[in-house]
Amino acid sequence: MIKREELNGFAVDLGGTKLAAARIERGQLVERKQTTTATDADANAQCEAMRDLLGEIGWTDEPVGIAVAGRVTADGHWSAVNKGTLTNLGEVAFRNVVRQLLGVPVSLANDALAAATAEAHIGAGVGIKNFAYITISTGVGGGIVIDGNPLTSQNGLAGHIGFMSSRLGDKRCGSGRLGTVESVAGGRAIAALALEKGHDVENAKQVFDAALNGETWAHGIVDQSANAISILIADLTSLLGLERVALGGSIGLAQGYLERVQAHLNEEPALFRPQLMPAALRQDSALLGVLQLDRTGAVI
Ligand code: ADP
Ligand code: BMX
């Protein structure tokens, strides 16, 4: 198991809303920059954006760890599962693209898997055998870590828990599946539900702000998201015997959100209620976690 002080290097985290890069020394983010994700960029343009951001924090030719929203296959292909989030990726041999454009070796992993690894080893999941991390952000992503080992699959789909069915869902999400957790609980879904109800918002944050201001319509949408996550946690617990779950992403970490998830989880029988905690590494889990993974997604 890697110790936090042993983590060194450059890391990138590309989500459906923001792109972050950091220089990590002895497990600390000594520099971190963030910009907005170009959601319609193709893979080459995404890689150029990563290179530009890395350049701003002093990167020249060091190896890089890259965490991305979307599916990363064992042979380094990257594609969106929700094609409404990253709309122009196709399915590309991204590890090769990066090697060509950056000229260095890269490790590449799904963002939630990377975040789950860091949380399991140096964050909210330390000492826990059956652990899951859930990000509620642009979408809903996840990473399952049993005995310190993140669950991976050849096709990169393992852990994509946002695409499980929710009894609260009735819409199709950009994966093509009907009634997914992501279609009820993720940031894009929250904003879409508000628009549907006639509220002119640009993003989920505005819905959360309205809920904090006591707007009943907004409260209902946020609460439904939290409820969908609580049901997902109970479902995952019955499958995996989870002892602890950490919530991350800007929605997972938003004021009052975890408490709402906990309140709904309390309606479940005790057997289906693991401990619930916020991600200890907050917005930096994926940046730290991708430095703990080798190119196959296994912990170094
Ligand atoms: P990414 O999906 O790129 O990893 P985030 O974790 O920041 O990025 O999640 C983005 C989503 O979170 C967007 O839908 C955004 O509107 C929402 N969001 C950002 N800040 C907040 C906040 N303080 N409270 C609630 N929602 C937020
Ligand atoms: C979606 C899916 C996952 C990702 C998760 C969180 C895409 C583009 N994304 O479920 O791969 O891990 O969202 O990503 O298919 P974020 O953009 O919310 O950070």
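1. Conventions. This is a predicted model in which local features need pLDDT of at least 70 and side-chain atom pairs count only at pLDDT 80 or more, while totals for chains, interfaces and linings use all residues. Residues are numbered from 1 along each chain as its sequence is written, chains are lettered from A and ligands numbered from 1 in the order in which they are written, and side-chain values use heavy atoms, with hydrogens and water left out.

2. Salt bridges overall. The structure holds 10 salt bridges, the term meaning a side-chain nitrogen of Lys or Arg within 4 Å of a carboxyl oxygen of Asp or Glu.

3. Arg-32 and Asp-284. The side chains of these residues form a salt bridge, with N to O at 2.7 Å. The pair links distant parts of the chain, 252 residues apart: Arg-32 belongs to strand S3 (residues 28–36), and Asp-284 to the loop between strand S13 (275–278) and helix H10 (285–289). Arg-32 is partly exposed, with a relative accessible area of 29%; here buried means under 20% relative accessible area, exposed over 50%, and partly exposed in between (1.4 Å probe, protein chains only).

4. Lys-33 and Glu-56. A salt bridge also joins the side chains of Lys-33 and Glu-56, at 3.6 Å from N to O. Because Lys-33 lies in strand S3 and Glu-56 in helix H1 (residues 43–56), the pair ties together parts that are 23 residues apart in sequence. Both partners are partly exposed: Lys-33 has a relative accessibility of 34%, and Glu-56 one of 46%.

5. Asp-147 and Lys-129. In this salt bridge the closest N and O atoms are 3.7 Å apart. Asp-147 sits in the loop between strand S10 (140–146) and strand S11 (149–150), and Lys-129 in the loop between helix H3 (111–122) and strand S9 (130–136), so parts that are 18 residues apart in sequence are tied together. Lys-129 is partly exposed, at 42% relative accessible area. Elsewhere, Arg-23, Glu-25 and Glu-31 are joined into one network by salt bridges that share partners.

6. The site of ligand 1. There are 15 residues around ligand 1, of which Thr-17, Lys-18, Thr-138, Lys-205 and Ser-250 come nearest; a residue counts as near if one of its heavy atoms lies within 4 Å. Polar contacts are pairs of N or O atoms within 3.5 Å; within protein, one must be able to donate a hydrogen and the other to accept it, and residues adjacent in sequence count only if both atoms are side-chain atoms. A backbone N or O atom of Thr-17 is 2.8 Å from an oxygen atom of ligand 1. Helix H6 (204–212) and helix H8 (249–252) are the elements that give two or more residues to the shell. Ligand 1 lies between domain 1 (4–113 + 283–296) and domain 2 (127–280), because both give residues to its shell.

7. The site of ligand 2. Of the 18 residues around ligand 2, the nearest are Gly-16, Gly-70, Asp-111, Ser-137 and Glu-182. Polar backbone atoms lie 2.9 Å from a ligand oxygen at Asn-82 and 2.8 Å from one at Gly-139, while a polar side-chain atom of Glu-182 is 2.6 Å from an oxygen atom of ligand 2. Taken alone, ligand 2 exposes 450 Å², and the protein buries 96% of that. Domain 1 and domain 2 both give residues to this shell, so ligand 2 lies between them.

8. Gln-46 is found in helix H1 and is buried, at 2% relative accessibility. Gln-46 and Val-98 are 52 residues apart in sequence and 9.7 Å apart in space, C-alpha to C-alpha. Ser-285, in helix H10, is buried at 1% relative accessibility. A polar atom of the Ser-285 side chain lies 3.3 Å from the backbone oxygen of Arg-282.

Notes. Helix = DSSP H or I, 4+ residues; strand = E, 2+ residues; numbered from the N terminus. Domains from an automatic or database assignment. Areas by Shrake-Rupley, 256 points an atom, 1.4 Å probe, with all protein chains shown as cover.
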